[in-house]
Amino acid sequence: SCHAKIDPMGFPFENFDVVGRWRDNYKQSRSRIDTSTVLSNGEPIADIVQFKQVLKRRRIEIVQCLVSKMLTYSIGRQLETIDRGEVDRIVKALGGENARLRDMIHAVVTSDLFLHN
């Protein structure tokens with residue numbers, strides 16, 4: 001019930017326990033775990049496989065989000081409107097949908113925002 005109100009994207013991950021092991025039931029229950037949810041855009045998701053497909057369709061948005069979060073963490077402050085150009089530059093340099101995490105980290109730590117903040 002918690003995820004339904006604050007984090008519907010958490011339901012597809014319910015098959016994983018606190019250390020990442022797969023489970024079909026909660027320890028205290030014999031009923032199967034319900035991993036279905038409805039995203040904020042109204043799209044129904046049945047399980048982690050469907051959730052992965054949704055994420056793959058939105059890959060460029062995920063790359064933009066990861067770059068923003070990495071920059072925020074690495075420079076120790078929230079990004080401002082003026083920083084948006086640097087995020088866009090990094091995403092473009094990564095090739096958008098073909099970005100790799102290793103390349104993303106390198107692009108962040110060699111960015112002007114990281115080096116001169």
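**Ground rules.** I am working from a predicted model, where local features need pLDDT of at least 70, side-chain atom pairs count only at pLDDT 80 or more, and totals for chains, interfaces and linings use all residues. Residues are numbered from 1 along each chain as its sequence is written, and side-chain values use heavy atoms, with hydrogens and water left out.

**Entry 1: H3 against H4.** I looked up helix H3 (residues 59-75) and helix H4 (residues 84-93). Helices here are DSSP runs of H or I, at least four residues, numbered from the N terminus. The two pack at an angle of about 125 degrees, and their axes are 10 Å apart. Axes are lines fitted to C-alpha atoms, for helices over the stretch in contact, and angles run from 0 to 180 degrees between N-to-C directions. H3 and H4 are therefore oblique to each other. (Under 35 degrees is roughly parallel, over 145 roughly antiparallel, 65 to 115 roughly perpendicular, and the rest oblique.) H3 passes H4 in a right-handed crossing, meaning that the near helix is turned clockwise from the far one by less than a right angle.

Which residues make the contact? From H3 I noted Ile60, Val63, Gln64, Val67, Ser68 and Leu71, and from H4 Arg84, Val87, Ile90 and Val91. Contact means heavy atoms within 4.5 Å. I sorted these residues into seven nonpolar, two polar and one charged. (Ala, Val, Leu, Ile, Met, Phe, Trp, Tyr, Cys and Pro are nonpolar; Asp, Glu, Lys and Arg are charged; the others, Gly among them, are polar.)

**Entry 2: H3 against H5.** Next I took helix H5 (101-109). The axes of H3 and H5 come within 10 Å and cross at roughly 45 degrees. This pair is therefore oblique as well. H3 passes H5 in a right-handed crossing. On H3 the contact uses Val63, Leu66, Val67, Met70, Leu71 and Ser74; on H5 it uses Leu101, Met104, Ile105 and Val108.

**Entry 3: the largest pocket.** The largest pocket holds about 260 Å³ of space. A pocket is an open set of points on a 1 Å grid over the protein atoms alone, where a 1.4 Å probe fits, with protein on both sides within 12 Å along at least five of seven lines; lining residues have an atom within 4 Å of a point. Of the 13 lining residues, Met9, Leu39, Phe51, Leu55 and Arg58 are the closest to its centre. H3 gives the most to this lining, with four residues.

**Entry 4: the second largest pocket.** Its volume is about 160 Å³. I listed Leu55, Lys56, Arg59, Ile62, Val63, Leu66, Ala99, Leu101 and Met104 as its lining. H3 supplies the largest share, four residues.

Notes:
Grid points are joined across faces, edges and corners, and a volume is the space filled by probe spheres set on the points.
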